[in-house]
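Hello,

Here is the structure for you to look over. My notes follow below it.

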Amino acid sequence: MSPAEEERSLPLPERWPRASKFALSACAAAVAELVYTGVRMVTYEHLRDSVLGRTEGESFPLWKAVVGGISAGAIGQFFASPTDLVKVQMQMEGKRKLEGKPLRFRGVHHAFLKILSEGGVRGLWAGWVPNVQRAALVNMGDLTTYDTVKQFLLLNTALVDNSVTHSISSACSGLVAAVLGTPADVVKTRIMNQPRDKQGRGLLYKSSMDCLIQTVQGEGFMSLYKGFTPTWMRMAPWSLVFWLTYEQIRRLCGVTSF
């Protein structure tokens, strides 16, 4: 009997806890994404328009867009680190159940309070450095590329500010985000999965840079792009849906286009 058939064969009361755990994990993921995306979008637009001084209808220097994208991604992920940590911990509950271990959390709020009580405020930002580094690279690819390609199309082609322009820009941003984000994913995964001593220190890598150098020296540069295809297949549709939806919401709310 397949897992799906086994699930359907259970009485409804036994199915509800599983559905509840899935819903809680989904809720934690939604909260993390809401904080991360909300902060990074507001930060980028503020930096671009108020700090870096973009003028409407004129080309925006690429280096300024890069600074804005990196900064927005890093700041967004830093603020979202507690919610991201709660999301990961909630998703690990399913693995603990399969291993026969007791569940640690009753919900998102309980997970947040337990992590806070065990590790203090600093505990909520555990592992934030590689996540912030990855977010900075991904947003340099996502925000910077979308904004730059869109402005280039509007200023140098016959295209207007509509869904076609948004689609082309989002396709480019998804590709560049995958190119820049895949090495960061490889490094982050290796750091998180390395064996640790009793003090919690990694036995293989001292830092993200050390992991990067060892990986390139030992396996070659292209080893940083293991898993690129599935990463791009995930980022491309997400980028398309997000940017088309975001631009339409702004238009419906009477806000100028991004």
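How many helices and strands does the secondary structure of the protein chain come to? The count is nine helices and zero strands, where helices (H or I, at least four residues) and strands (E, at least two) are DSSP runs, numbered from the N terminus. Along the sequence the pattern reads α-α-α-α-α-α-α-α-α.

Two notes on method. This is a predicted model, so local features need pLDDT of at least 70 and side-chain atom pairs count only at pLDDT 80 or more, while totals for chains, interfaces and linings use all residues. Residues are numbered from 1 along each chain as its sequence is written, and side-chain values use heavy atoms, with hydrogens and water left out.

Overall figures
The protein chain has 258 residues, and 36% of them count as buried. Buried means under 20% relative accessible area, exposed over 50%, partly exposed in between (1.4 Å probe, protein chains only). Take the contacts in the protein chain with a separation of 6 or more: residues 24 or more positions apart account for 69% of them. Contact means heavy atoms within 4.5 Å.

Thr 43 lies in helix H2 (residues 12-51). Thr 43 counts as buried, at 15% relative accessibility. Leaving out residues up to four places away in sequence, Thr 43 touches Ala 72 and Ile 75.

Glu 45 is also placed in helix H2. Its relative accessibility is 17%, so Glu 45 counts as buried. Beyond residues up to four places away in sequence, Glu 45 touches Ser 50, Tyr 246, Arg 250 and Phe 258. Glu 45 and Phe 258 are 213 residues apart along the chain, yet their C-alpha atoms are separated by 8.0 Å.

Helix H3 (residues 62-91) holds Asp 84, and Thr 83 has its place in H3. Asp 84 counts as buried at 15% relative accessibility; Thr 83 counts as buried at 18%. Neighbours within four places aside, Asp 84 is in contact with Ala 32, Gln 77 and Asn 131. Thr 83 and Ala 30 are 53 residues apart in sequence and 9.4 Å apart, C-alpha to C-alpha.

Helix H6
H6 (residues 128-156) has 29 residues, which should span 42 Å at 1.5 Å a residue; the end C-alpha atoms are 40 Å apart, which agrees. The expected span is 1.5 Å times one less than the number of residues. H6 has a kink of about 30 degrees, centred on Asn 139. The bend at a residue is the angle between axes fitted to the seven residues ending there and the seven starting there.

Helices H7 and H8
How do the axes of H7 (residues 163-193) and H8 (residues 208-219) cross? They come within 10 Å and cross at roughly 105 degrees. That makes H7 roughly perpendicular to H8 (65 to 115 degrees; under 35 is roughly parallel, over 145 roughly antiparallel, the rest oblique). Axes are lines fitted to C-alpha atoms, for helices over the stretch in contact, and angles run from 0 to 180 degrees between N-to-C directions. Val 187, Arg 190 and Ile 191 in H7 meet Ser 208, Cys 211, Leu 212, Thr 215 and Glu 219 in H8.

Helix H9
H9 (residues 228-252) has 25 residues and reaches 36 Å from first C-alpha to last, close to the 36 Å expected. Its buried residues include Tyr 246 and Arg 250. Gly 254 follows H9, with a positive phi near 80 degrees.

Best wishes
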